[in-house]
Amino acid sequence: MNKKIIDAKQDSKGNITKVLFEGNSNFTPLNTAIRMAEHGQIENAHAVHPKDKKTYLRTNPDKIKGNNLDEMAAK
């Protein structure tokens, strides 16, 4: 069963640190969410592995700006 990210938190530098899955009351650490995404367990996000940079989580592309992690965290 895949989970859907519905909210995110960021640190003082603007980096995403935690995400909230639909149906959960507690935020999940980003590293855990990245591992879940690598195993296809997140419905609306995937892990990105850039060359020479740290792996990060990204929501799947669509035309809705409000469901991007940065936008969720800015609320």
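Me: What order do the elements of the protein chain run in, from the N terminus on?
Reply: They run β-β-β-α-β-β-α. That makes two helices and five strands. Keep in mind that this is a predicted model.

Me: What radius of gyration does the protein chain have, and what would a compact globule have?
Reply: The protein chain has 12 Å. A compact globule with 75 residues would have a value near 11 Å, so the two agree. Along the principal axes, the C-alpha trace spans about 35 × 30 × 25 Å.

Me: How much accessible surface is that, and what share belongs to carbon and sulfur atoms?
Reply: The accessible surface comes to about 5400 Å². Carbon and sulfur atoms hold 46% of that surface. Of the 75 residues, 29% are buried.

Me: And what share of the contacts between residues at least 6 apart join residues at least 24 apart?
Reply: That share is 29%.

Me: On to the core. How many residues are in the largest nonpolar core?
Reply: It has 17 residues. Ile-5, Val-19, Ile-42, Leu-57 and Leu-69 have the most contacts inside this core.

Me: Which elements each supply at least two residues of this core?
Reply: Strands E1 (5-10), E2 (16-21) and E4 (45-48) do, along with helices H1 (30-38) and H2 (69-74). H1 gives the most, with five residues.

Me: Pick Val-19. What is Val-19 in contact with, leaving aside neighbours within four places?
Reply: Val-19 contacts Ile-5, Asp-7, Ala-8, Phe-27, Thr-28, Ala-33, Leu-57 and Leu-69.

Me: Back to H1. Which residues of H1 are buried?
Reply: Leu-30, Ala-33, Ile-34, Met-36 and Ala-37. They cover an arc of only 160° around the axis, so they sit on the same side of H1.

Me: Why do residues three or four places apart in an α-helix point the same way?
Reply: An α-helix has 3.6 residues a turn, so residues at that spacing point the same way.

Me: What do the buried residues of H1 pack against?
Reply: They pack against E2, E3 (28-29), E4 and E5 (56-59), which are strands.

Me: What follows H1?
Reply: Gly-40 does, with a positive phi near 70°.

Me: What about Asp-52, what is its phi?
Reply: Near 65°, a positive value in a residue other than glycine. Most residues other than glycine have a negative phi. Asp-52 is in the loop between E4 and E5.

Me: Is Asp-52 buried or exposed?
Reply: Asp-52 is exposed, with a relative accessible area of 75%.

Me: Where is Thr-55?
Reply: Thr-55 is also found in the loop between E4 and E5. Thr-55 is partly exposed, at a relative accessible area of 25%.

Me: What does the side chain of Thr-55 make a polar contact with?
Reply: The side chain of His-49, at 3.1 Å. Not counting residues up to four places away, Thr-55 touches Ile-34, Glu-38, Ala-47, Val-48, His-49 and Pro-50.

Me: Next, Asn-44. Where does Asn-44 lie?
Reply: Asn-44 lies in the loop between H1 and E4. Although in a loop, Asn-44 is buried, with a relative accessible area of 14%.

Me: What does the side chain of Asn-44 reach?
Reply: The backbone nitrogen of Ile-5, at 2.9 Å. Ile-5 is one of the core residues with the most contacts. Asn-44 also touches Thr-59, among others.

Me: Where is Thr-59 found?
Reply: In strand E5. Thr-59 is buried, with a relative accessible area of 7%.

Me: Which side chain is joined to that of Thr-59 by a polar contact?
Reply: The side chain of Asn-68, with a contact of 3.3 Å. Beyond four places in sequence, Thr-59 touches Asn-44, Ala-45, His-46, Asn-67, Asn-68 and Leu-69.

Me: Last one. Is Lys-13 buried or exposed?
Reply: Lys-13 is exposed, with a relative accessible area of 71%. Lys-13 is found in the loop between E1 and E2.

Me: How far apart are Lys-13 and Met-1 in space?
Reply: They are 33 Å apart, C-alpha to C-alpha, and 12 residues apart in sequence.

Terms used. Residues numbered from 1 in each chain as written. Predicted model: local features only at pLDDT ≥ 70, side-chain atom pairs only at ≥ 80, totals over all residues. Heavy atoms only, no water. Core = buried A, V, L, I, M, F, W, Y, C linked by side-chain atoms within 4.5 Å. Buried < 20%, exposed > 50% of the residue type's maximum accessible area, 1.4 Å probe, protein only. Helix = DSSP H or I, 4+ residues; strand = E, 2+ residues; numbered from the N terminus. Contact = heavy atoms within 4.5 Å. Arc of directions from axis to C-beta. Polar contact = N/O pair within 3.5 Å; in protein donor to acceptor, adjacent residues only side chain to side chain. Rg over C-alpha atoms; globule rule 2.2 N^0.38 Å. Areas by Shrake-Rupley, 256 points an atom, 1.4 Å probe, with all protein chains shown as cover.
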